[in-house]
Amino acid sequence: MAQGKNEGIFQAHEDLSSGGMIDKLASFFEGRGAFLFLVPALVLIGIFVIFPVVWDVYISMTNASLVGPSAKHYIFIGTQNYFRLFQDFLFLNSLKVSFAFTVLSALIGQAILGLALALVMRMEGIKGKILVATVVFIAWVIPEVVAGYAWSAVTDKQGLVSAILSFFGVKTEYSLYFTHPFEVIVVANIWRGTAFSMILFTAALEGIPKYIYEAAEVDGATPWQRFKYVVFPLISQAILVDFILITIWTFGVFTLPYMILGPGGGIGNAGQLWTLYIYFKAINNFDIALAAAASNVMFVIVLALILAYLWSMKYFRRW
Amino acid sequence: MGSVELKNVTKIFPPKTVAINNVNLKVHDGEFFILLGPSGCGKTTTLRIIAGLEKPTKGRVYIDNEDVTDLPPRKRDIAMVFQTWALYPHMKVYDNIAFPLKLRKVAKDEIDRRVKEVAKMLQIETLLDRYPRQLSGGQQQRVALARALVRKPKVWLLDEPLSNLDAILRVQMRAELKRLQKELKITAIYVTHDQVEAMSMGDRVAVLNAGRVLQVGAPNEVYNKPNTLFVASFIGSPPMNFMRVALKNEGGNYALVAEGVSIPLPTELGKIIEEKASDVNDLILGVRPEHLELSTAEDSNIRGEVYVIEPLGSETILNIKVGDNIIKARLLKETTLSIGSKVFLKVSTNSIHVFDPSTERALF
Ligand SMILES: Nc1ncnc2c1ncn2[C@@H]1O[C@H](COP(=O)(O)OP(=O)(O)OP(=O)(O)O)[C@@H](O)[C@H]1O
Ligand SMILES: [Mg+2]
């Protein structure tokens, strides 16, 4: 039997095979041949990921516009767009809105509600929990455009919320999305995205063996102590993963707020997320170079956040 | 203070596994009580019902004469060693042991003192700074034991807490555990399938089989007066010898007879058997290997020929063919006998057991 560096993973195959085909494949993979298999993927990534990023960075340093003469003939203007961006009140406002939106609707709303739901799903003898889970799931799977329409209908001055309020004697003169644009998209996004956190936490809770709960119970832990000292530490890593994913997604949310508020983000731009801002700049103002610069800034911010999360991961799970 | 009582407790796991069947037990305060039985007989289930981790299908559980059947585990003031240890993977050994105290808001230095004390007793004081995954099985088991012993609850529930230790350590730990239990006078319910452990540690032993309690008594009681074939065969090593015999009555002189066996019985004993047995011609005679001794031909009541000799150093186990049976005799000295030679054995009528094969119960 061949000795040397292709012991290890190919060893098992050697024992099983009659020695021909699989041996050849193994040595083929070990050589440069493996690279050939990567070429199609690399080409696709190059066309659809790397090129747009490079192009985007380039455009952000020009005076390109969506229409007009500078749509075709634009010139390199260096970092001017970035300076313009940070002097733009609307951009700074959209940063603030996006941060608040992510913290409130994702990190607080979706994660806490998702965890609470996941905990409830594990309890025995709670009636109607399947119904709740189903509703949560439906919110997650219906198309975003439909969800957006539904929310603008529900929060309209002739919609469900107004009907309920007037039932309690509160008269509503305007639509809720008009008077409280930011609050409406926060709640809508919690409604929309909680299912993911719930699933993730349910899986994490399933991973804790039953006897650990039992040991804690016998040791005298109250339900709250069990959560605090046993359950929470054991799912802390899942919470971090959840935070990473929902942060990325929530910063990128566009369709749902767009459907409810339009690119302006409602009255006083109170709900203008940076995604809406970019759309607004590129499509309404034709200023695609500035929009490109804005998206690059957000890319760097989100990347920094993710790196911070990943870095904090090493403080978790030392056991 | 911690007596434990089970009244008519039955546990059925759906759809129809009867794990324990109408169990009645009374464990006295301060007692070292053993649950002994083969694998799957319901020992763990019984313990879990006392702990409150399983709800009995029928029956009630009392701790200190208080009905705790509907109380959750944390309100029962018990500590338990799980058969699977159930250590907290994210806590170091120290924190695992300290956890029950921490929950009760015991002062930090008191926790420290007690954790170190119990760790020392169980010889794990050098491991306090490790996580459970960094320990061997036997070490993890001792951490689980420490977590139970660090507290002074009403009852300790110990599910085979020494099963993973090597022979030497196990003997040491048995002694330590027993000493601690007597010192603190905490009621202990100890599960084992090791009859030596049961005999050496227990104040009383309950022998279980197939979900039922067959006999409860002091170790020498279950050893000397087993009430069923099962208890007789389960306790003792090597196990009791069994032979099919018949009761003969010749003008008031009773004897148990079979090929190679003829044991004269006192009249009262003969009468009891005659009265209780469903068929006097089909009985099971039980004799422990240690109760058989070599004798002369005239004095003997069992005879056969040597089949195998097992010298074990301090003692010798003789395997003897009597009729169609091979029985074992335990001799405390070396023997000059050789395979195939005739042997004459004597057993005192005080040490014989007679069972009715149809009921499997002892007749006296
Ligand atoms: N959760 C469960 N669901 C169904 N059957 C169970 C469950 N737990 C135990 N049983 C069954 O109940 C019976 C008693 O189990 P138990 O664990 O009490 O045995 P044990 O005496 O502790 O055995 P061992 O010495 O092997 O630990 C077994 O037949 C087992 O298969
Ligand atoms: Mg068990």
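Which residues of α2(B) are buried? In this predicted model, the buried positions of the helix are B:V93, B:N96, B:I97, B:A98, B:F99, B:P100, B:L101 and B:L103. Because eight of the eleven residues of α2(B) are buried, the helix is largely enclosed by the rest of the structure. The cover over these buried residues is drawn from both chains: it includes α11 and α12 of chain A, together with α3 (108–121) and α4 (137–149) of chain B. Just after α2(B), B:K105 adopts a positive phi of about 60°.

The interface between the two chains was examined next. Chain A contributes 21 residues to the contact and chain B contributes 25 residues. About 2,000 Å² is buried between chain A and chain B, with carbon and sulfur atoms giving 64% of this area. Two salt bridges are found across the interface of chain A and chain B. A salt bridge joins A:E214 to B:R48, with the closest N and O atoms 2.8 Å apart. Seven residue pairs, both members at pLDDT 80 or more, are in polar contact across the interface of chain A and chain B. On the side of chain A that touches chain B, the elements giving two or more residues are α11 (210–218) and α12 of chain A. The largest share of that side, eight residues, is supplied by α11(A).

When neighbours within four places in sequence are left aside, the contacts of B:L157 are B:L47, B:I50, B:A51, B:I78, B:A79, B:M80, B:V81 and B:I189. In general, nonpolar side chains tend to be buried together in soluble globular proteins.

B:T44 is partly exposed, having a relative accessible area of 25%. B:Q83 also counts as partly exposed, at 38% relative accessibility.

Terms used: Residues numbered from 1 in each chain as written. Chains lettered and ligands numbered in written order. Predicted model: local features only at pLDDT ≥ 70, side-chain atom pairs only at ≥ 80, totals over all residues. Heavy atoms only, no water. Contact = heavy atoms within 4.5 Å. Buried < 20%, exposed > 50% of the residue type's maximum accessible area, 1.4 Å probe, protein only. Buried area = accessible area lost by both parts, 1.4 Å probe. Salt bridge = Lys/Arg side-chain N within 4 Å of Asp/Glu carboxyl O. Polar contact = N/O pair within 3.5 Å; in protein donor to acceptor, adjacent residues only side chain to side chain. Helix = DSSP H or I, 4+ residues; strand = E, 2+ residues; numbered from the N terminus.
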